[in-house]
Amino acid sequence: PDNLKGWAMLARSYRVMGRNAQALDAYQKAHAILGDDPGLLADYAEALALQNSGHLDGEPLKLLERSIKKEPQHIKTLYLLGQHASATNNHARAVRYLEQAVKASPADHPQTQQLQISLNDARRLAGLPVQSATEVKPGSAAIPTESISGTVTLAAALLKQVQPEDTVFILATPSDGGRMPIAVLRRQVKDLPIRF
């Protein structure tokens, strides 16, 4: 019962299996044992946000703020803080967080490409110039030229559960099982159906 690694592994396993309520319980137990481990705080915040329809407000944001104080260059924390800033229309702050995440990310890691794409989305929303593949920081991965497209609609059965102004996030994730989104679009229910 006092095995931190066991609780953290159990929490991550539950997350992968889509058993978020059990993951939250395991994260809570791991957090009680370890306290302010930046990675654990970021994972716990993400699991709490999933429980809260994807919103990082409240306790998840407090956990992320503790994580960033403990490790200012923690990539996942920076990414999540960037996503929260973007979701609250603070695009300039999102750019700052995501720029830090790109700089902290290993140059040859696939997440660097994904972070750069998210950064460019935030820069676009902030009215700032988007970096081309040749402008990406030296040594970092280039922006991929592949694309994905599709149409997002809302099932008729869900229409009674949402409001026109509710936020809809469209996430593209790697087919190799990576958890970090490659691209994110933020829209509202009233914008659906939407082609991307």
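1. Tyr 27 and Tyr 44 are both buried, where buried means under 20% relative accessible area, exposed over 50% and partly exposed in between, for a 1.4 Å probe and protein chains only. The model is a predicted one, in which local features need pLDDT of at least 70 and side-chain atom pairs count only at pLDDT 80 or more, while totals for chains, interfaces and linings use all residues. Residues are numbered from 1 along each chain as its sequence is written, and side-chain values use heavy atoms, with hydrogens and water left out.

2. The count of aromatic pairs comes to one; rings of Phe, Tyr and Trp (its six-membered ring) pair if their centres lie within 6.5 Å, and planes under 30 degrees apart count as stacked, over 60 as edge-to-face and the rest as tilted. The ring centres of Tyr 27 and Tyr 44 are 6.1 Å apart and the planes stand at 25 degrees, so this pair is stacked. Because Tyr 27 belongs to helix H2 and Tyr 44 to helix H3, the pair ties together parts that are 17 residues apart in sequence. Helices here are DSSP runs (H or I, at least four residues), numbered from the N terminus.

3. Neighbours within four places in sequence aside, Tyr 44 is in contact with Leu 24, Tyr 27, Gln 28, His 31 and Leu 63; contact means heavy atoms within 4.5 Å.

4. The largest nonpolar core has 37 residues, and those with the most contacts inside it include Tyr 27, Tyr 44 and Leu 63. Such a core is a set of buried Ala, Val, Leu, Ile, Met, Phe, Trp, Tyr and Cys residues joined through side-chain atoms within 4.5 Å. Among the elements that give two or more residues to this core are helix H1 (4-16), helix H2 (20-34) and helix H3 (38-51). H3 gives the most, with eight residues. Apart from this core lies another, of five residues, among them Val 168 and Ile 194.

5. The axes of H3 and H4, lines fitted to C-alpha atoms over the stretch in contact, with angles from 0 to 180 degrees between N-to-C directions, come within 8 Å and cross at roughly 165 degrees. Residues making the contact include Leu 41 and Tyr 44 of H3 and Leu 63 and Leu 64 of H4.

6. Arg 123 lies in helix H7 and is buried, with a relative accessible area of 12%.
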